[in-house]
There are 2 protein chains.
Amino acid sequence: MLGLMQDHPLSMPLLVDRLEQRFARKTVVTSTVEGRTVATFAEVAERVRRLAGALDALAVPASAPVATLGWNSQRHLELYLAVPSAGRVLHTINQRLAPADIEYIVNDAADDVIVVDRSLLDALWPLVDRLPTVRHIVVMDDGAGPALPRDPRVVDYEALIASAAPAATLSVPDERSAAALCYTSGTTGRPKGVLYDHRSIVLHALSFLFADTFGLGEADVVMPIVPMFHANAWGLPYAAILAGASLVLPGRAATPGRLADLVEHERVTVSGAVTTVWLSMLPHLRGRDLAALRRLANGGGHLPLELARQYLDELGVPLVGTWGMTEASPLVTSARTPARTDVRPAGGTPPERLAALCAAGYPSPLVGVRLARADGTLAPHDGVASGELQINGPTVAAGYVGVDATDTITADGWLRTGDVGVIDPDGCVHVVDRLKDLIKSGGEWIGSAELENAVLTHPGVEEAAVVARPDETWGERPVAYVVERPGAGLTGAAIRSHLEGRVARWWIPEDVLIVTDIPRTPTGKIAKRQLREAGVTPPR
Amino acid sequence: MLGLMQDHPLSMPLLVDRLEQRFARKTVVTSTVEGRTVATFAEVAERVRRLAGALDALAVPASAPVATLGWNSQRHLELYLAVPSAGRVLHTINQRLAPADIEYIVNDAADDVIVVDRSLLDALWPLVDRLPTVRHIVVMDDGAGPALPRDPRVVDYEALIASAAPAATLSVPDERSAAALCYTSGTTGRPKGVLYDHRSIVLHALSFLFADTFGLGEADVVMPIVPMFHANAWGLPYAAILAGASLVLPGRAATPGRLADLVEHERVTVSGAVTTVWLSMLPHLRGRDLAALRRLANGGGHLPLELARQYLDELGVPLVGTWGMTEASPLVTSARTPARTDVRPAGGTPPERLAALCAAGYPSPLVGVRLARADGTLAPHDGVASGELQINGPTVAAGYVGVDATDTITADGWLRTGDVGVIDPDGCVHVVDRLKDLIKSGGEWIGSAELENAVLTHPGVEEAAVVARPDETWGERPVAYVVERPGAGLTGAAIRSHLEGRVARWWIPEDVLIVTDIPRTPTGKIAKRQLREAGVTPPR
């Protein structure tokens, strides 16, 4: 017997309704090279309806993917809303990928349209004739890049919006319909597509409103630094709309200094980015008025304790850990911020408090998290036992498009994350390492992330990466790659002696290499595979 | 095309999973006449599984209603979880209803089982032979009431739990399945059944976790004073479980003094009740340690400004308005609490701040709210125009069981709430009156609630109710019923002169009647129909 409640799908038109009916006066600020543009939510909604109408005018088939190659901007936000609301699939593409990967992804998805920032056209145009499914290239003029190619496929975004009839009704009756497509960056093998549905996006966005997660509300000003091509910018744009928070989008000229300007001048309260961004912004944030900031979230890898300490004790700003992945919409867990009154205690924040900030944190109420041992049995949540972290829930992928899910999904339906972790009795998750990044030395595991964290406590260290190298005696041994702070005059011996007492003696790497930089994947993660393949030769 | 996300229904077994897997060490405290009982969430979950098994053992058919007549207790919580998780329908009955209404409701619902607190057995037993569908009466021994009747239908709750095999799997694959049934109190006409589904209950519970709503989190201790027979106790028990908050259930001996004891000793952070409860508790809360309290929510009618002032300025505790109804699961809007730092400003909280606390407040992100004029056109949200408040969303009823929905649901699917309101440009809802409680005098409307609020600003007034009486000249004129504070020595003339300058002159009632009490409905609301029918004769 069914209940007798109203039938309202959790789908994207709900968000457009909120823009129009509830938060019409809230604003989206986009930073440009020249300054800033501001639009009210009502204005965005009107353009969203026009864009939805334009997709009809372009005869984009139902459920067809519409790809985007763009920076974080109001126009990208319009695409975020209009494409799924109009029954098509938003396919965000990472513009930093190699051309061959972009070509593969567009063809694998069979994109019907690509919408691209003019400043990114040079990355796309050389490929266009190898993308047979693409009928239209819609160009968003962001003030840089080549002139619009004379090609019948090319359309100007603003001309399209101006000429389109606004869609009067936006309706996606089945919330399980495909809404957005995002390919994993694929540190090994081909990129694989994760296909979000409307329900997963709305539920995931709602999870940012929970007090114990990000607690987004109407008083917030949210700046997603995390790119909009990356797992829906963590869902932050959607979450901000549901919460009625204002949005600040940093555009294409997102240098650390400009980002710091935006934080201060736009009174940003919440932002999310990967560790390298927080590292690069730190010097630019010093001396600023950061009173509005209440939460900075770190993603894409573990948050180094020393970085969290600098943000908290020097800037008075909580920078906290999160854990997620494209396959999980992406947020799985988030660490809790300390209460404002606890910020900047005399003598600095105690290390155990900092460690709590740097944890992956607590799962959203909608996501299940468990630990599986190598033999498939479950490990207890006792803060000691480790295992592969597996997750389930309505915001978690059931597999990849067109790929057999056997390796990804367990027989009982949980996603294997490939991350190794520990779960405290109170539910706090700690990600120890990637399964494939663990170092097996003398039959015992060395956690590369934990070892990196220990190296990073040295005041002269800017960045660190630890990978395995084959070893005849021990099987594997760790190698540390270290970027020093300017003028620190680091040596490998200094790092080794710094590690004494901080980690088990047998964890201390024989090889500590001072390098000028550490290679990263297109999404900003440390490219460990590349480092492993480089062996002990520093990649100078 | 469907997305490729995991299929996890938003249904009650998810809550049982959270009890077991995530928040196993959290507790449910039940106050008893002798003291208190404590159970961990894990222990509750184990009993829930046994109870689910017991429903099978009793051969309760799928989707059959299992009724409860009970106080707020751990056992009632077990029923909240087990009955829907086991694929049956939880039917909570208001024990304060007249026997004829209870009889009508049980028979209308065709309840298969009734679970009743022993202390309430006297209210039920005389009816039992007129309840032909009821096969079993399960008695929860709460330490009072008659001995268990010798009758083959009667079963002891604890014996049932002890003998049952725990249900190994709890699964409700279709989240639109019926989960719970609650009859509206029906100030006019027969009670009507609202049939919640699993989806509506879970989404509604999640809305309490939003930072701008109640912001429930793991640090909270939630005490639902609102009875568990009333619209799922506002969904607070379900919300607390999803948030990982501890629960305090006040049991059958919930006197104002005992409730105040619980608030202080259990370190309650959040509670909800109707206005009369907050009025009665106020003297008992004075002089207590209330530092843990962060939000008291008022429901079931407008929150008087003077009461909010006393809580905020005298106790330092934010008591804020909410607006809801059985048909909306029930929460629609909630006012925002002031920041802690704003509490107790020198000279008291300014009236406009208090008015904001007493507003119905802001809608949950999942509920749509609009204003409809008498002619069906929509009124603007400008803080001036009034109209009937209409609502929609997945937590709102599509009608009543077995009743034609034409009068309840508009042609475009919105629920007519029967409340008249105003919506500010920022979305804040103010409920002005019940449509049927408005007083039409000389062709203009007088808001009975607004007039009551003005009467309540007189320091000698304890309670006030305003209703219409027929008038030959004006059509209708207001009549005020006033309960004075002990020793205040009030007169009608004093009230009338107090109202000068506070409301329009023509609003001032000719008839102000000092009475010893004001009649209430079984859910604690002022029984305006009864007052209207009483005319100008005070109900002494």
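**Helices, core and chain pairing in a predicted model**

Q: What distance separates the end C-alpha atoms of helix H3 (residues 74-85) of chain A?
A: Helices are DSSP runs of H or I with at least four residues, strands are runs of E with at least two, and both are numbered from the N terminus. The expected span of a helix is 1.5 Å times one less than its number of residues. The 12 residues of H3(A), at 1.5 Å a residue, should therefore span 16 Å, which agrees with the separation of the end C-alpha atoms, 16 Å.

Q: What kind of model is this?
A: Residues are numbered from 1 along each chain as its sequence is written, while chains are lettered from A and ligands numbered from 1 in the order in which they are written. Side-chain values use heavy atoms, leaving out hydrogens and water; local features need pLDDT of at least 70, side-chain atom pairs count only at pLDDT 80 or more, and totals for chains, interfaces and linings use all residues, since this is a predicted model.

Q: How many residues of H3(A) are buried?
A: Buried means under 20% relative accessible area, with exposed over 50% and partly exposed in between (1.4 Å probe, protein chains only). Among the buried residues of H3(A) are Gln74(A), His76(A), Leu81(A) and Ser85(A). The helix is followed by Gly87(A), which has a positive phi near 80°. H3(A) is mostly covered, and the count of buried residues is 11 of 12.

Q: Which residues touch the most other members of the largest nonpolar core?
A: A nonpolar core joins buried Ala, Val, Leu, Ile, Met, Phe, Trp, Tyr and Cys residues through side-chain atoms within 4.5 Å. The largest such core holds 156 residues, and those touching the most other members are Leu81(A) and Leu81(B).

Q: Which residue of helix H8 (residues 236-243) of chain B, besides Ile241(B), touches Leu81(B)?
A: H8(B) is mostly covered, as 8 of its 8 residues are buried, and just after the helix Gly244(B) has a positive phi of about 75°. Contact means heavy atoms within 4.5 Å. Leaving aside neighbours within four places in sequence, the contacts of Leu81(B) include Met12(B), Val44(B), Ile241(B) and Tyr238(B).

Q: How far apart in space are Gln310(B) and Arg252(B), C-alpha to C-alpha?
A: Gln310(B) belongs to helix H11 (residues 305-315) of chain B and is buried, with a relative accessible area of 8%. Not counting residues up to four places away in sequence, Gln310(B) touches Leu282(B), Arg286(B), Leu315(B) and Arg485(B). Arg252(B) is 58 residues from Gln310(B) in sequence, and their C-alpha separation is 27 Å.

Q: What kind of axis relates the two copies?
A: Superposed by least squares on C-alpha atoms of residues with pLDDT of at least 70 in both copies, chain B can be laid on chain A with an RMSD of 0.1 Å by a turn of 180° and a shift of 0.0 Å along the axis. The copies are thus related as by a two-fold rotation axis.
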